[in-house]
Amino acid sequence: ESKRKQRVLKASLVLSLVIAVSLYVCLSWPGDSDPFHQCDRQCRFTYGFYDRSIVGHPTWSECACFDGVTGQSLGPNVPWTSTKPWNQTDFWCGGFDTDLVCATQSSSSDVVTLSRREAKERNFTILHCGMCAACSDMVDLFVLKETASYITTNVTACAAAFAKPTWLGGNRNFADLSDCLVASGVPFTRDHRAWPVNTQAHTSGPTCMDCWLDNVACDAINCAWNWDCILRFFDPDHTQGSYSACLQCDEANCGPEFIRCAGANRRSSGIVSDIDRPGQQVCPVGYFSQKL
């Protein structure tokens, strides 16, 4: 407890530095560079969510969207930021009541999205509530399970090293962020194994690691001014209580994109983790649920 107080005190003493960092983020928005790939995400959301070949280039307040292979414009510019709705019909989010599940017939079979009843009738193993997506492979589900007690702390530490300005030692590099997560014991897959072979996503879709990297970058854009998030950068071990507003910021601004990208997260897989969630938000039929 005393160690935590020291960290919080340290955060208070460097308030002027934090303000400078925040101003740096603000002044670089969006400019002629996009270190957090905000425009890529905005353009994919509009023109093809699971197509990683889509890229965006920042203008002053908008993003111009292109096919990254041909260079062809995809249509009108899109806003630099926008509020994303929860797709609670297809994914385990929002009202947490979708009837869809991601299931598999065997460990060597592709994952498939079914209704709960159909999965039961076909004797499929349910992996998580909601549609299948990039993190629906068993390898990633077990990463979620095995890191449940520390994943928030470790991801926060890597996010801090990624998001802070380069003049403060930040790397702002997705490859470095990915390596940091793996080195810290959070080794999400970096291939397309969750996507069926005969789909476009198997070659140009996101990997599970991509979903987590995008979420970190999304937070860097949308939660840079959140005081609780700033404090968590200095005190990543503390995941509850006074820093809960940071989790709420992530949930509101980046959650809809993340669950759509990943499909599987701790709640949808039935995992009780280091973040206290209401019981009704935890999938009752996930692979790790108490009640199958």
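A crossing of two helices is termed left-handed if the near helix is turned anticlockwise from the far one by less than a right angle, and right-handed if clockwise. The structure is a predicted model, in which local features need pLDDT of at least 70 and side-chain atom pairs count only at pLDDT 80 or more, while totals for chains, interfaces and linings use all residues. Residues are numbered from 1 along each chain as its sequence is written, and side-chain values use heavy atoms, with hydrogens and water left out.

The protein contains 12 helices and 6 strands, taken as DSSP runs (H or I, at least four residues, for helices; E, at least two, for strands) and numbered from the N terminus. Of its 292 residues, 48% are buried (under 20% relative accessible area, with a 1.4 Å probe and protein chains only).

Helices H6 (residues 151-163) and H7 (residues 174-183) pack with their axes 9 Å apart and at an angle of about 155 degrees, the axes being lines fitted to C-alpha atoms over the stretch in contact and the angles running from 0 to 180 degrees between N-to-C directions. H6 and H7 are therefore roughly antiparallel (an angle over 145 degrees), and their crossing is right-handed. Val-155, Cys-158, Ala-159 and Phe-162 of H6 meet Phe-174, Leu-177, Cys-180 and Leu-181 of H7 (contact being heavy atoms within 4.5 Å).

Strand E4 (residues 100-104) runs antiparallel to strand E6 and is joined to E6 by 4 bridges, where pairing requires at least two DSSP bridges; Ala-103 has Ile-126 in E6 as its bridge partner. Because 4 of the 5 residues of E6 (residues 125-129) are buried, this strand is largely enclosed by the rest of the structure.

How values were computed. Buried < 20%, exposed > 50% of the residue type's maximum accessible area, 1.4 Å probe, protein only. Parallel < 35°, antiparallel > 145°, perpendicular 65-115°, else oblique.
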